[in-house]
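Here's a quick walk through a fold, from the overall layout down to how the pieces pack. Have a look at the model first.

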Amino acid sequence: MGGIIVVGVDGSATARKAAGSARDLAIALDAELHVVSAFEKDRTMVVGSGSDQLVVGDADTAERVARDVARSLRSGNVNVSYFAVRGTPAQALIRQAETHGARMIVVGNRRMRGLGRVLGSVANSVAHNAPCDVYVAKTDEEW
């Protein structure tokens, strides 16, 4: 069947669970997996002193998070790529899906209960605005 599956990560345990579900789906559907981490602003910080300075920004941090998760998901059965995408988490996932013609976006169900459900969540925003199918993975223990 092929295609691309997009999953968002932020370094949390629940995002890693969603990423694991996305990997399993990608293997089952013979799809490529895109691991995305969002960053809203491009703030930078200079670390070090003198000629040993390193400029670190939000985009760098997002890329590192996506890269680390992507590496942990790699196996011979699935092609995994990683991306840092500017925007809110929902915007970044939708933009990645639109740009690459994704078949599916995988999101976790965190904050889909109680007040979070009323005020909105990443999963809710993605489900209402995605250009493709959305799979909500069970990532919490309160469901």
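This is a predicted model: local features need pLDDT of at least 70, side-chain atom pairs count only at pLDDT 80 or more; totals for chains, interfaces and linings use all residues.

Residues are numbered from 1 along each chain as its sequence is written, and side-chain values use heavy atoms, with hydrogens and water left out.

The protein has five helices and seven strands, counted as DSSP runs numbered from the N terminus (helices: H or I, at least four residues; strands: E, at least two). Read from the N terminus, the order is β-α-β-β-β-α-β-α-β-α-α-β.

Five of the strands make an open sheet, ordered E5-E2-E1-E6-E7 with parallel pairing; two strands pair if DSSP finds at least two bridges between them. Strands E5 (80–86) and E7 (133–137) sit at the edges, each pairing on one side only. Neighbouring strands are turned by 25 degrees against each other on average, direction ignored. E1 (residues 4–8) and E6 (residues 104–108) run parallel, joined by three bridges, and Ile5 stands opposite Met104 in E6.

Axes are lines fitted to C-alpha atoms, for helices over the stretch in contact, and angles run from 0 to 180 degrees between N-to-C directions.

| Helix | Strands involved | Angle |
|---|---|---|
| H3 (residues 89–100) | E1, E2 (32–39), E5, E6 | about 140 degrees to E2 |
| H5 (residues 122–129) | E6, E7 | about 160 degrees with E6 |

Among contacts between residues at least 6 apart in sequence, 72% join residues at least 24 apart.

Note on methods: Contact means heavy atoms within 4.5 Å.
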